[in-house]
Amino acid sequence: MAFDIEIIKEVYNRMADRVDAAKAVVGKPLTLAEKILYNHLWDGKAKTAFVRGKDYVDFAPDRIACQDATAQMALLQFMQAGKSKVAVPTTVHCDHLIQAKIGADKDLQNALNNSSEVFNFLASVSNKYGIGFWKPGAGIIHQVVLENYAFPGGMMIGTDSHTVNAGGLGMVAIGVGGADAVDVMAGMPWELKFPKLIGVKLTGKLSGWTAPKDVILKVADILTVKGGTGAIVEYFGEGAKSMSATGKGTICNMGAEIGATTSTFGYDESMERYLRATGRNEVAEEANKIASYLTGDDEVYANPEKYFDQVIEINLSELKPHLNGPFTPDLATPVGEMTEKATKNDWPLKVEWGLIGSCTNSSYEDLSRAASVAKQAVDKKLTAKAEFGINPGSEQVRYTAERDGLLEIFEDLDAKIFTNACGPCIGQWAREGADKQEKNTIIHSFNRNFSKRADGNPNTHAFVASPEMVAAIAIAGRLDFNPITDKLINENGEEVMLEEPTGFELPPKGFDVEDAGYDAPVEDGSGVEVIVSPESERLQLLTPFTPIGNEIKGAKLLIKAYGKCTTDHISMAGPWLRFRGHLDNISNNCLIGAVNAFGKETNKVKNQLTGEFGAVPDTARAYKAAGIYSIVVGDHNYGEGSSREHAAMEPRHLGVAAVIVKSFARIHETNLKKQGMLGLTFANEADYDLILEDDTFNFLDLNEFAPGKQLTLEIVHADGSKDIIKLNHTYNQSQIDWFNEGSALNLIKKENVS
């Protein structure tokens, strides 16, 4: 069944007209990304050529998707917007609040028992405001979106950074904060700085142990975790056409790990096959009518250096399988080179767990290829040396995989089949013994591997690989196992080798499912009542933020973050997910994972009012109670990682007026702006070193806050000496209006009233 087919037809019906108009204005052939962007301009046909990386542009996305952890705050905000129904198709997916521990059925029941208040809230709000609701156990948001909603040439936003997964079906799909989603739900334009363009030309064809995952692991190696910031990555070439739609989705999904705005592929036969296999023949028929508009122009791909800001070329025939990690997804090691590298860096070679799934690699194809490796182990009388965990991407994938015997193969290796949910990928894993914080190694097919991410243990060395490579290494139990060359000893004492994995792009018998887990909203939700108990520790109705104002004087340093500071460091997941709908309670994890530059410890900062050291949230609350603003200082790519709106809302709630860093990750910078805060960068990066533990800050010209104009900050040190530095910002006038009103949501409410 094709959801929202009339909207898809509308996008396609106008595409030729709008793209041709854009070509006339721009005066050159267009990439796929440009075609989709120009077809989704809020003001209709293009009247000007936008400057990449400079111009802010208003867009009209086709749809929104929210996962349960971020949907709580997004919907709490939307409830304040004064609207009776969402303006564009929106869905909520319950995939984050299910902890992996025992196995699918028991874990799901535990989640229903422990989080029924939240699930009921999300279901009732969805019903009231015309939002589609995917129940707990239905699947991981991005796999469900790919199976049901993504369509070539479309544009969507989602309150999760891995929304970009939908690029596997040729969308421009972008992760955003909840406030951005609220804008679009309320019928407002969505603003984005017109992205730069990175082209990745894929030649050759994948074979053997090399998988689509290895493409993005290699790209991450080339571009690093911030190399894609502010850019859309567009893949093209014969190598791109040779891959499945879900393989393309894997590559796009992990584009979030290089900071890319999104990633995408042009429409081709593999996408058509996937659309038809997932019951969307009508979408395929419509896409075929305008196929040339659903990919980049021939001239672009023939001479990519003329049309992209950067071009990378990868020969898939020569690409080796990779392992990326530990502690960062861009530290790449080709399989076969791990022994020397791991020994040199003292990485544990013994592998304790192999985890397959997450939104990145949980398709039928992924499971079938990994199962082909597992089946060999069973047939060759090998015993898996590491424990196995499997997270199917959706109930449709799980049901079909079970029907076809794939899950039984994993169970023959004593694997735990977890719920169709994120589980260990986002820290929702009750791993036995993790509290001992022992040094160990795991390998998984997830996208992220930051310290503490999967199990809360800072000493867990997590490596990212393809599902088939995860299976092979888990069976061998060694990180440096190379299935291409290495032999294993079976239970009979015989030497055996694993053969190249095989699999199915799509299930030979077709997809099947009894209950996909979808609840459609009622036509008229005006009679639906949404109840939030004032005594709840999980949910809290929001109070609008008060404007910070343009007189920030005497602000205190809350923390100077040292090194990598991701949204996981600013607002941890794991057990804290239970408080995602309660701003005051969740704020008790604010910046507790950030390393303080003074002392190099976490969650220990100096309270300048008392001279004592305490937790970051407690110190912030002390400043707030005294009527004093606080300041957070950070390093490069601050806010990298999940599109965790809480990482902006928590400091705002605790009285932080400004976050000053060397550079921001895109989504986090926008989230700070949306919440009416100052997100600023050092004009001179070396000024980061001027910040001392007892510093007080005065903004000297905030009353002149304007687009393109630097701000001046006076730093007053404890000995009375002062430094005056310049700060850069990327605020346009609309964003300055958000700051002046206290938040973007405050401005929406004001405009709705007027």
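Start with an open sheet of 6 strands, ordered β6-β5-β2-β3-β4-β21 with mixed pairing. Strands pair here if DSSP finds at least two bridges between them; the strands themselves (E, at least two residues) and the helices (H or I, at least four) are DSSP runs numbered from the N terminus. Select 172-175 and 518-519: these are the edge strands β6 and β21, each pairing on one side only.

A word on what you're looking at: this is a predicted model, where local features need pLDDT of at least 70 and side-chain atom pairs count only at pLDDT 80 or more, while totals for chains, interfaces and linings use all residues. Residues are numbered from 1 along each chain as its sequence is written, and side-chain values use heavy atoms, leaving out hydrogens and water.

Next, pick residues 155-158. This is β5, which runs parallel to β6 and is joined to it by 4 bridges. Which residue of β6 stands opposite Ile157? Ile174 does.

Contact means heavy atoms within 4.5 Å. Helix α6 (178-185) lies across β2, β3 and β5, at about 140° to β2.

Time to show side chains. The whole structure holds 22 aromatic pairs, meaning Phe, Tyr or Trp rings (the six-membered one for Trp) with centres within 6.5 Å; planes under 30 degrees apart are stacked, over 60 edge-to-face, and the rest tilted. Zoom to Tyr38 and Phe50, a stacked pair 5.9 Å centre to centre with 20° between the planes. Tyr38 sits in helix α2 and Phe50 in the loop between α2 and β1, so the pair ties together parts 12 residues apart in sequence. Is Tyr38 buried or exposed? Buried, at 2% relative accessibility (buried is under 20%, exposed over 50%, partly exposed in between, with a 1.4 Å probe and protein chains only).

Jump to Tyr235 and Phe265: their centres are 4.9 Å apart and their planes at 10°, so this pair is stacked. Tyr235 belongs to β9 and Phe265 to β10. Tyr235 is buried at 1%, and Phe265 is buried at 1% too.

Last stop: select Phe3, Trp134, Tyr149 and Tyr518, a cluster linked by ring pairs.

Notes: Axes are lines fitted to C-alpha atoms, for helices over the stretch in contact, and angles run from 0 to 180 degrees between N-to-C directions.
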